[in-house]
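Q: Can you walk me through this structure? I would like to start with how the strands pair.

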Amino acid sequence: MRRTFTLALSALMAVSIAATTATAVHAQSRGDQGGGEDDAAKKRKRDEEWNQPKAPLPQLRNAGPCPYVKVLYDASRYVQFKDGKESAAQAGFTGEIQSLTSGCAYKGDEPIKIRIEALFQLGRGPQAEGDKHVYRYWVAVTERNQAVIAKEYFDLPVSFAAGEDRVYARETIEQITIPRADAKVSGGNFEVLLGFDVTPEMAAFNRDGKRFRVNAGQAAPAQQGQTQSGTTTKQ
């Protein structure tokens with residue numbers, strides 16, 4: 001499904017974003033944004049494993065750096081708890097943004113075009129009701145370390161098979177376009193952020209570094225209620 005939006009910023013600037021939902025898959029991959037031969041080799045291997053089409057961006061020598069693309073830590077995970085009780089046995093639907101890969105292209109005074117692929121790990125805990133859930137996430141473009149320029153929300157519907165407590169889904173966000181006032185404006189002036197649409201309680205849970213596995217509640221009783229600290233892949 002294709003989604004688009006355009007927000008006028010000024011006479012010289014606007015931001016548009018389109019997203020395409022990929023089918024859920026049962027595999028896991030991690031990717032990091034960056035340069036170097038090792039990163040290129042890892043990306044080629046990941047693309048081969050996922051059989052992913054190449055990003056529809058021309059191979060251009062950019063006029064400058066790409067915008068920073070990363071997950072907002074406070075919104076990087078989605079964890080429901082029944083009655084607000086933070087324990088594995090009370091976990092409902094859960095989710096985590098596992099990794100991001102991105103690319104951009106621009107030259108001269110052309111707009112910056114960005115394409116992002118995000119890998120989501122989605123889970124169903126013991127208190128989850130039903131076998132379907134619609135996760136909501138957002139994509140935002142900001143001036144670096146400043147206010148949000150444009151933000152859009154997208155729905156990610158997920159179905160769990162009988163006896164299944166987790167699925168993986170890849171989302172492709174394409175046609176993120178940032179027009180530039182002139183050739184002096186580089187991609188380094190902007191950030192693109194992703195995150196789940198979380199409640200204040202979920203954000204606080206993430207901020208405190210608490211963590212439950214996606215299949216929370218399925219472990220032995222002696223392990224229930226335990227948390228483990230960890231970090232989310234960020235770029």
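A: Two strands pair if DSSP finds at least two bridges between them. Strands (E, at least two residues) and helices (H or I, at least four) are DSSP runs, numbered from the N terminus. By that rule, E4 and E5 form an antiparallel pair over 4 bridges. The model is predicted, so local features need pLDDT of at least 70 and side-chain atom pairs count only at pLDDT 80 or more, while totals for chains, interfaces and linings use all residues. Residues are numbered from 1 along each chain as its sequence is written, and side-chain values use heavy atoms, with hydrogens and water left out.

Q: What stands opposite tyrosine 78 in E5?

A: Glycine 95 does.

Q: Is E4 enclosed or open, and why?

A: E4 is largely enclosed by the rest of the structure, because 4 of its 5 residues are buried. Buried means under 20% relative accessible area, exposed over 50%, and partly exposed in between (1.4 Å probe, protein chains only).

Q: And threonine 94, buried or exposed?

A: Threonine 94 counts as buried because its relative accessibility is 6%. Threonine 94 belongs to strand E5.

Q: Which residues do ring pairs link into a cluster?

A: Tyr78, Phe120, Tyr135, Tyr137, Phe154 and Phe196.

Q: How many residues does the largest nonpolar core have?

A: It has 36 residues, and Tyr135, Ile116 and Val192 are among those with the most contacts inside it. Such a core is a set of buried Ala, Val, Leu, Ile, Met, Phe, Trp, Tyr and Cys residues joined through side-chain atoms within 4.5 Å. Strand E6 gives the most to this core, with 6 residues.

Q: What does valine 192 touch?

A: Apart from neighbours within four places in sequence, valine 192 is in contact (heavy atoms within 4.5 Å) with residues including Tyr68, Ile116, Val139 and Ile176.

Q: New topic: what is the strand order in the open sheet?

A: The open sheet of 4 strands runs E3-E10-E7-E8, with mixed pairing. E3 and E8 stand at the edges with a single partner strand each, so one side of each has no neighbour in the sheet. E3 and E10 pair in the parallel sense over 4 bridges. Valine 71 has leucine 194 in E10 as its bridge partner.

Q: Where is confidence lowest?

A: In strand E1 (residues 2–8), at a mean of 39, whereas E10 is highest at 95. The score is pLDDT, the predictor's confidence in each residue, from 0 to 100. The chain averages 75, and 65% of the residues score at least 70. Residues 214–235 stay under 50, and the model has 57 contacts beyond four places in sequence for them. Where pLDDT is low, the predicted coordinates should not be read in detail.

Terms used
Rings of Phe, Tyr and Trp (its six-membered ring) pair if their centres lie within 6.5 Å; planes under 30 degrees apart count as stacked, over 60 as edge-to-face and the rest as tilted.
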